[in-house]
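Reader: I've got a structure open and I'd like to learn how to read it. Can you walk me through some of its features?

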Amino acid sequence: MFSFESFLDLPLVWYSLIGTAIFLYILLDGFDLGVGILFPFAPTDECRDRMMNSIAPFWDGNETWLVLGGGGLFAAFPLAYAILMPAFYIPIILMLLGLIFRGVAFEFRFKATGKSRRIWDYSFHFGSLVATFMQGMVLGTFVHGIAVDGRNFGGSAFDWLNAFSVMTGVALVTGYALLGATWTIMKTEDDTQAWARKCASYVLLYVALFMGLVSLIMPLMNSDIKALWFSLPNFYFLQPMPILSVVFFVMLWRDLRTEREYRPFFLTLGIFLMNYIGIGISTWPWLVPFKVTLWDAAAAPESQSLLLIGTVFLLPCVLAYTGYCFWVFRGKASHEHDPAY
Amino acid sequence: MFSQLDPVFLARAQFAFTVAYHITFPAFTIGLASWLAVVEWRWLKTGNPLYEQIYRMWVKIFAVTFGMGVVTGVVLSYQFGTNWSVFADKVGNVLGPLLGYEVLTAFFLEASFLGIMLFGWNRVSKKMHFAATVIVAAGTLMSAFWILSANSWMQTPTGFREGVDGLLYPTDWIQVIFNPSFPYRLVHMVTAAFLTTAFVVGGIGGYYLWRGLHVKHARIMLGMAMIMAIFVAPMQLLFGDLHGQNTFKHQPAKVAAMEGIWETEKGAGLRLFAWPDQIEERNRFEITIPKLSSLILTHDLDGEVKGLKSWARIDRPPVGVVFWAFRIMVGLGMLMIATGLIALVLHFKKQLFTTRWFHLWCVAMTPAGFVAVVAGWFVTEVGRQPFIVFNVLRTSDTISPVAAGPIAISLAAFVITYGLVFTAGAYYILKLIGKGPETTEEDTYGSHGVKQPPLVTDLAAGTGGKDV
């Protein structure tokens with residue numbers, strides 16, 4: 001049996017890989033869930049068609065990152081998977097149901113005629129909304145900490161439901177809405193784009209508010225997190241992140257008042273990246289905060305090694321052809337009902 | 001409120017429901033993707049527009065089915081953790097990498113190139129579009145490879161050891177991936193998927209012929225489907241037999257349940273009909289063909305077949321479900337072979353496309369593949385009970401520490417959601433079938449859906465549109 005543990009910190013490698021996969025999921029499905037969140041507020045049906053078409057070729061691939069996140073966690077850190085999934089039982093199931101309602105809407109909506117199309121508009125919207133809100137609650141519960149009993153989840157069915165997790169749920173809804181709005185700015189034109197611009201500036205305020213709140217509450221909630229961020233010399237090393245976040249916010253705020261089409265989306269990605277790294281630093285090195293570290297949760301070295309070989313070759317391929325697909329569907333989305341035919 | 005309910009039973013019911021629902025979509029899309037690749041290849045090779053029109057009709061059905069397969073598949077990748085967290089913890093070292101490879105080699109490939117397959121007509125060349133179809137088809141097969149390897153390992157686990165901590169550790173990856181039942185299960189399932197698709201395509205072709213609609217397209221559909229029924233359905237009987245032999249060797253209790261045999265017998269008969277009684281340990285209303293079971297399983301009229309009583313009561317699978325699911329699967333397989341034989345006879349009499357009762361028969365056979373696939377999975381999964389990893393881990397020991405209440409409510413939520421989604425999906429697929437292949441070239445010019453130049457439209461209007 002081969003294993004790379006003699007020269008690699010395998011759990012750390014896998015922590016970075018799964019961290020990257022989950023981040024890519026948040027960005028990629030984030031913009032299409034965001035489009036779903038904004039969907040019913042678009043001014044016309046034609047706008048909605050354009051928005052839908054702008055994500056129809058991608059949603060399936062985007063959602064696959066969620067499967068990689070779940071499957072990867074199972075493969076590389078089975079103990080964390082085994083504790084976290086029962087802990088998040090109800091929100092995960094609700095997220096999955098939400099994803100079903102929005103996923104089928106892509107195909108059903110274009111096949112439906114007349115009033116029944118409305119059903120799938122709302123199925124798409126509420127599915128996206130519920131899935132996002134649940135993801136945000138899961139995130140809030142995660143940073144709040146999980147009760148553990150031996151190798152099992154030790155809490156009760158509704159541990160995930162509290163004021164903080166509700167707030168992170170709403171925060172993620174605004175975050176994805178911002179991603180969705182800036183994506184729509186990039187992929188559409190005319191009145192759809194103008195509307196998305198307005199949406200983005202409006203949502204941006206809420207995103208800033210919630211980011212500020214979370215950044216304040218997390219150190220107050222947990223003294224370790226406070227010590228990590230505010231002790232010296234960490235304080236100086238970690239300064240670039242809040243500073244960059246503010247810079248991105250200001251640039252985005254200004255861009256939304258210009259004709260720029262692409263940069264707002266990428267600035268939003270930057271804001272998400274800063275937040276994500278911030279949460280990563282705050283919960284380091286816990287995989288089940290604040291009970292199980294990434295080394296304790298790691299699968300056997302031979303298991304992590306086997307999957308690593310494939311990942312080293314396959315992940316670049318996945319990124320390459322995902323990039324290719326985005327390139328094939330570059331440019332502005334049309335409003336035709338059935339762009340394929 | 002839920003305290004009297006058994007969480008193990010609820011978790012099993014939930015997984016059985018979600019996985020059985022899910023498998024019907026891959027069972028169809030694995031075959032459909034490969035068939036679409038063949039149809040597109042025929043189109044590129046012959047330039048016959050009928051193939052293009054068939055492709056464009058079926059790719060829409062593919063899209064609806066694939067979408068439902070994706071969303072119901074995501075559920076499964078999380079259910080291992082939500083409902084079977086102890087299982088996930090104990091076998092994660094062994095099965096985790098296999099599922100990881102499935103995502104990396106198959107899911108991304110399918111999901112990414114599906115976009116091009118559906119929406120890429122005007123954006124990539126014909127060859128690239130064909131490549132996308134082939135890649136999606138390859139992705140579906142790759143996915144089948146990994147998930148069936150993982151499932152087969154749970155049936156016939158090899159290449160692992162049990163650690164002092166109670167977790168399972170891999171010792172030989174080749175033995176884990178290519179475990180004893182894997183090659184048989186893979187061939188049997190992929191063939192089943194091809195047959196499922198063939199009978200759906202054949203059923204729709206038969207429907208059109210029966211109604212006298214889209215006759216040219218229907219002939220191609222029915223013809224291609226019957227090629228599968230004639231050649232592949234009998235092969236499936238052989239693959240199934242080999243798979244059965246393999247099960248007989250590694251999981252004899254499952255075979256005893258499939259055959260409804262309680263006492264160890266030499267020269268065991270084949271029970272055509274019986275009502276197995278788990279408590280009284282016997283069959284009621286038995287109709288038996290003498291010695292046939294021994295002949296099939298051991299290739300010897302007097303070969304010994306172990307009966308269910310050889311195992312302690314708590315180690316026996318539920319007999320009735322396995323027994324009857326097996327008969328449903330085999331019965332439908334026989335009907336598929338019969339369909340192929342009739343088609344062959346009609347073909348030689350040059351009546352395949354004119355025999356109306358046969359077209360109606362094909363319509364009736366449309367769901368045969370789905371039912372057979374689900375029945376087959378019931379045989380193998382229920383037959384593995386009471387173990388989740390055969391002879392290693394008991395199902396009842398691997399459940400999540402979640403109360404019956406949330407499991408019962410989520411089960412109900414899945415049943416309602418899937419019911420709604422299935423109804424809508426079936427409705428839109430039936431609508432697409434009702435619409436049929438689009439042959440009118442009114443607003444398209446050439447094969448890439450480009451808008452027709454106005455000049456040509458005007459000319460066409462002048463000639464009554466006959467020449468367009």
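Predicted model: local features only at pLDDT ≥ 70, side-chain atom pairs only at ≥ 80, totals over all residues.

Reader: Then let's start with a pair of helices. At what angle do helix 1 and helix 3 of chain A pack, and how far apart are their axes?

Author: Here's the general idea: two packed helices are described by the angle between their axes and the distance between the axes. In this case, helix 1 (residues 10-38) of chain A meets helix 3 of chain A at about 155°, and the axes are 8 Å apart. Angles over 145 degrees count as roughly antiparallel, so that's the word for helix 1 and helix 3 of chain A. The crossing of these two helices is left-handed.

Reader: Which residues of helix 1 of chain A make the contact?

Author: Among them are Trp14(A), Ile18(A), Tyr25(A) and Asp32(A), while helix 3 of chain A brings residues including Trp59(A), Trp65(A) and Leu66(A). By class, the contact has 13 nonpolar, 3 polar and 3 charged residues.

Reader: Is Tyr25(A) buried or exposed?

Author: Count the neighbours: Tyr25(A) has 20 C-beta neighbours inside 10 Å, so Tyr25(A) counts as buried. Leaving out residues up to four places away in sequence, Tyr25(A) touches Trp65(A), Leu66(A) and Gly69(A).

Reader: And between the chains, how many residues does each give to the contact?

Author: Chain A gives 60 residues and chain B gives 59. On the side of chain A that touches chain B, the largest share, 14 residues, comes from helix 5 of chain A. That side divides into 43 nonpolar, 11 polar and 6 charged residues.

Methods. Residues numbered from 1 in each chain as written. Chains lettered and ligands numbered in written order. Contact = placed C-beta atoms within 7 Å. Helix = DSSP H or I, 4+ residues; strand = E, 2+ residues; numbered from the N terminus. Nonpolar A, V, L, I, M, F, W, Y, C, P; charged D, E, K, R; others polar. Axes fitted to C-alpha atoms, helices over the stretch in contact; angles between N-to-C directions. Parallel < 35°, antiparallel > 145°, perpendicular 65-115°, else oblique. Left-handed = near helix turned anticlockwise from the far one by under 90°. Buried ≥ 20, exposed ≤ 12 C-beta atoms within 10 Å, placed from the backbone.
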